[in-house]
Amino acid sequence: MNLLAPEVRANPYPYYAELRRTAPVSQVDPGGFWAVTRFDDVVAVLKNPQLFSSEGMRRVTCPPWLEDAPFAHAMIVHDPPVHGRLRALVSRAFGPTALSRMEPWVRVLAESLADRLVAGQTVDLIEAFTRPLPSGVMRELLGLDVSLQPFFARWADDLTSTSSVAPGDTERMEQIRSTVRVARGHLSQVLADRRRAPGEDMVSELLSARVDGQALTDEELLSFLFMLLIAGMETTIHLLNHAVRLLMERPDVLGRARADRSVLPKLVEEVLRYEPPVHGLMRISKEETELGGVRLPAGSWMLVLLASASRDEARFPGADQFDLDRPGPQNMPFGHGIHFCLGASLARLEARLGLEALLSRFSSILPRGPVAWNLSLSVRGPRVLPVELVPG
Ligand code: HEM
């Protein structure tokens, strides 16, 4: 099975179901990854970083041709004990206090973007709303200049495509290296500015954070900022896209959400389960082991399919139905164990406020063109989202 084949990409869920039923741990294309598809096996892999290492994430994000790989010191590619130290240093920046400080300005941003949307004609909602919201949040959090925001999409595209560059494609490699240099320059400037004049912002807090008297090194800080830019943007864009697509397909759900905004947190949870932005996580097995009745040699490349786990009937009765009243929260879309997403609450907040802003201005959203899916084993979402907004 090729997970990037167009028919699978368009709707991977029947294929995941087939794997869960007949070959729950089995090799797939591209790459010959061992796909892990059942909920219980996904949990077993993610809660055992000693055996299933995030070295898998490192190898896809830090290829040898990318000197100064931006994610080399990011917690997402590290196992214990390095991971624990990095996480302890930055986790306060995403705690409940930090989040309640963010809510008012995230709301203002969502409202002002929704005010600028034009009704009655076809617009690409990604360009007009679902990208500017998370990228505006990241720009503000990282303290980057507003003039840089239009470049974020290109940066994200380059930084997430390192694994798909063909071995001889030196031109593409140089393009990506150049993006890394440019982005690194801007992020380093932010660090230097905050060091000189600390403020009440996330970067200043990270600069002063200490664990056992130790601060983050400059390379660790830079890696963290790079990671936020990517982890916080592409994923949240697609959470918003999937939520909007669902509202277009299900007028009953749209009706309930418009009549009662208090269902929005439940809607966001069920969208996360039903159409998760992150489909696969990479791991590498450190020793020979057995999983789901299959013997895996040491060094096996694993593709942990969160999106399949979220549709596992054994865990979620009626898993293929979108059910607004399904009990939540749904945490699996944010991973499991030590690497559980640091930005889960922020993503939920952005999605809720983004949808609130849309629903308070428009009575419905109509699809205006076919969906073309992106090509990635980790994040799944549309490349463009042509819609027409109906005021009311
Ligand atoms: C809907 C949106 C999001 C989804 C679905 C999502 C999903 C995930 C998943 C599945 C992981 C686990 C990776 C692994 O185990 O290898 C993760 C990690 C992470 N996410 Fe998110 N994420 C989202 C939004 C965000 C946002 C908004 C931020 C920050 C602003 C963020 C920051 C992080 C960080 C820093 C990690 C690494 C944690 C660690 O390694 O300990 N994410 N995310």
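How far is an oxygen atom of the ligand from an N or O atom in the side chain of H339? In this predicted model, the separation between the H339 side-chain atom and the ligand oxygen is 2.6 Å.

| Residue | Atom of the residue | Distance to a ligand oxygen atom |
|---|---|---|
| H339 | side-chain N or O | 2.6 Å |
| R283 | polar side-chain atom | 2.7 Å |
| I338 | backbone N or O | 3.5 Å |

The elements that contribute two or more residues to the shell around the ligand are α5 (82–90), α12 (218–231), α13 (234–249), β5 (280–285) and α17 (344–359). There are 29 residues around the ligand, of which H83, R87, R283, H339 and C341 come nearest, and the shell divides into 20 nonpolar, seven polar and two charged residues.

Helix α15 (residues 264–274) is mostly covered, with nine of its eleven residues buried; among them are L264, L267, V268 and Y274, together with E269, E270 and R273. These buried residues pack against α2 (13–22), α13, α14 (251–259) and α17.

Turning to the whole chain, the secondary structure comes to 17 helices and ten strands. The radius of gyration is 21 Å, close to the 21 Å that the globule rule gives for 392 residues, so the chain is as compact as a globular protein of that length. The C-alpha trace spans about 60 × 55 × 40 Å along its principal axes, and 56% of the 392 residues are buried. Of the contacts between residues at least 6 apart in sequence, 71% join residues at least 24 apart, while the chain exposes about 16,700 Å², with carbon and sulfur atoms supplying 53% of that area.

Terms used:
Residues numbered from 1 in each chain as written. Predicted model: local features only at pLDDT ≥ 70, side-chain atom pairs only at ≥ 80, totals over all residues. Heavy atoms only, no water. Near = heavy atom within 4 Å. Polar contact = N/O pair within 3.5 Å; in protein donor to acceptor, adjacent residues only side chain to side chain. Helix = DSSP H or I, 4+ residues; strand = E, 2+ residues; numbered from the N terminus. Nonpolar A, V, L, I, M, F, W, Y, C, P; charged D, E, K, R; others polar. Buried < 20%, exposed > 50% of the residue type's maximum accessible area, 1.4 Å probe, protein only. Contact = heavy atoms within 4.5 Å. Rg over C-alpha atoms; globule rule 2.2 N^0.38 Å. Areas by Shrake-Rupley, 256 points an atom, 1.4 Å probe, with all protein chains shown as cover.
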